[in-house]
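Good morning, and thank you for joining this group meeting. Please look at the structure as it comes up, and we shall begin with a question.

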Amino acid sequence: MLDKNFDPAAFESRLYGLWEQAGAFAADPSRAATPFTIMIPPPNVTGSLHVGHALTMTLQDVLIRHHRMNGRDALWQPGTDHAGIATQLMVERELQREGTSRQEIGRDAFLDRVWTWKAEQGGTITRQLRRLGASPDWSRERFTMDEGLSKAVRTIFVRLFNDGLIYRAKRLVNWDPVFRSAISDLEVEMREVKGNLWHLRYPVEGTGQTITVATTRPETMLGDTAVAVHPTDERYADLVGRTVILPITGRRIPIVADEHSDPEKGSGAVKITPAHDFNDFGVGQRHGLAMPSVLDREARITLAEIRAESAPPDAAFLDSLDGLDRFEARRRIVAHLEDIGALEKIEPHVHAVPHADRSNAVIEPLLTEQWFCNAEVLAGPAIEAVEDGRVQFVPKSWENTYFAWMRNIEPWCISRQLWWGHRIPAWYAPDGTVFVAETEEAALAEAAEHFGHTVALRQDDDVLDTWFSSALWPFSTLGWPENTPELDRYYPGDVLVTGFDIIFFWVARMIMMGMYAMGDVPFRTVMINGLVRDERGQKMSKTKGNVIDPLALIDQFGADALRYTVIAQSGAGRNIKLGPNMVEANRSFVTKLWNAARFCEMNQCRPDPAFRPETAALPLSRWILDAANRAVLEATEALEGFRLADYAQACYRFTWGDFCDWFLELAKPGLAGEDDAARELRAVAAHVLGLLLRLLHPVIPFVTEALWDEFGYGAPGSLIRAAWPVPEAVREAVAARDEVSWAIRAISEIRAVRSEMNVPAATRIDLLIRDAAPETLARAARWREEIGRLARVATLAPLEGEMPQGAAQAILDEATLVLPLAGIIDLAAERKRLATTRAKAEAEAGKLRGKLGNEDFVRRAPEEVIAENRERLEAAEAEMARLDAALARIA
């Protein structure tokens, strides 16, 4: 017997263990079934479950469970990413607490510590995914530093190098001065900072003029190699080609014409420091400028590259800067420029400054020797794959983002100055000759052949960007470069589910590498999900204190409630709102299903293997069976179209509305009997409940499996592989639909009037039907008992004569439902109350329309504030429409 309440904690762990032990998640390459593959976006091994995981993992799990039930050989490939910087940071902090560092213990000992940390703590995220109900094939779990995946990395690196697509060059990169490593754009966070704009005067050589440049980073002026003005800026036309004398250093640098300079900003002239600014680097390349670095890898001033160029007039001051932290150097340089009259003015200035998301250090663009991948060549086939539809984005609009990035792609910096990661398979001879090979033995053999004798080699100290190994994920996890059965069967995959923020960093790179290594795309569909925000639509942050822990929500409300909430809120790549109140509300849906099943159990509604829907005789039976068919079609179509929110809503409407609120309520008297009609209703109720459990299983797997087991629809734990429901023949379905829907609409209209008019719930009222066709009156007679019970109607009769005074009315098809309320409520007072409430709603709507029509407000207000005001306007307009309808009902 089912307990009175569903207790998620009593079922979740047990059921998950049952599934996992039975191998219910496992793919089987030997099966004849058509494969269906999803590659998990591998979470960082350092990570723990956050709300973004709760969304994207539930989306994937719904799809994989649906296709598994459809008989597909479903592989959801799990695994974790080694997360270079994040993991190294974790272990370095441990060492710091112990009073040591990685430099002190050395590379080998440090890597041993990382592997120990991974073994002890690296499984947190996978354990938490189990709590969410995620059902990947854990027997195939991979790690991006597994030997097999490491071999794949080495193999493709060597191939790319031999094809001329990987090379070593000196270019500008994002540099983290704390980690002393290049980092990817994704690891850079732009933060608004209150700073200054310093306006500096540079003397124009041979004239009495100066040219003013403005900068937020005066310390980099030591590395200036030009001043740029716009080619059409007439103010400087006669200065282009002349030189200025750089203060402090005394260097002569040219004035160049370049469109990088904006004549509308500041003085229209900008200082060019190619080694410390990405835009300036481009100017430097276009004009063949020198690119001296004046900051070292710890972001301290270095004079090594500028000292050799000249004998500066301020040599003593310049020498005093050597080795200073960049911000201390900034302070001293500004003071010195003021002393020598080169500082024109200082303006307060709020601007975006790049920070490293792990170390929180201000990023320095730094000119360093790095390994690069020729992404432009790899991007060509990847662009074509999306253009011709071999890869499709859902929503399609995200293709524009993909194309914008891919058609303007830059060389990909793939090296990182870290110790944890895939070490670059390159070895250097004493003379600097580089040998790229999959193993040290192969490199030594190449070197011996090259030099004619054995030489000592030194392996490159750098490791690869973590995105390099994760770009191989769709095929490296399946055994590439070996030609495995899994690779042949599960590549390319069917769907990738991920966030829009890594379309370029991961999605595009997987497509590039898939086309290069496999000659085919890695997946057919890319389903893009939005960001998870709080209940007010605000971005979550520790500063705001609105970060939501999905595990706390699972503890409080159960995994099913959380899963249903994120799926119901998802849709078309939009951001979703999430909070405890929303999850609690959706727990009510889980509870509603449980209570409905408990009602069925108390009324002996047990599965009848002999029952066939086409044999159902009662209109109510045929109506719910027909409604079930329509729900199955709607839910299936939504899932196959990747409209998971529509799938959730279809399930909700059928479960809560059709089955619970109407079928079970209308069937109550019949279920109490022992005749043929009662037996049919019990069989129908059990049949539809079983269908419902299958329909809902992908989104709320725990409660559905618990009920499936309790009712004996199959062996314990078998719902996960039960057949997905399909429409079944129902005779005279249209007639049953017309018949029962009339009764439902009649009851609903009467209930609406009662609610709007504040008729006391316990009061039974009369119902008169005016202008009704004979068939309508016959229907009313057939449903008299149900209308009376569910709408609290005392008597039901045709209206003969005039409309009674003090009556409310509702239109139902050709007839009018008349409810005499005189003596029950004060209609004049109700009319006044409704009019007053409507006036308030109208005033609120007017205020909101004015606010949203204000261009200045829309331009300056945060996105979530605008969204909240639009929602409030929609609610106010809906309330006005409801009140208009209520006022129209009063005769």
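Which residue in β27 is the bridge partner of Leu767? The partner is Leu796. The model is predicted, with local features needing pLDDT of at least 70 and side-chain atom pairs counting only at pLDDT 80 or more, while totals for chains, interfaces and linings use all residues. Residues are numbered from 1 along each chain as its sequence is written, and side-chain values use heavy atoms, leaving out hydrogens and water.

Let me place that pair. Strand β26 (residues 765-770) pairs with strand β27 (residues 793-798) in the parallel sense, over four bridges. Strands are DSSP runs of E with at least two residues, helices are runs of H or I with at least four, and both are numbered from the N terminus. Two strands pair if DSSP finds at least two bridges between them. β26 also runs antiparallel to strand β29 (residues 815-820), joined by three bridges. There, Leu768 stands opposite Val818 of β29.

We now turn to two helices. The axes of α26 (residues 733-756) and α27 (residues 774-782) come within 10 Å and cross at roughly 70 degrees. α26 is therefore roughly perpendicular to α27, a term that covers angles of 65 to 115 degrees. Axes are lines fitted to C-alpha atoms, for helices over the stretch in contact, and angles run from 0 to 180 degrees between N-to-C directions. Contact means heavy atoms within 4.5 Å. From α26, Asp738, Glu739 and Trp742 make the contact; from α27, the residues include Glu775 and Arg779.

Key: Parallel < 35°, antiparallel > 145°, perpendicular 65-115°, else oblique.
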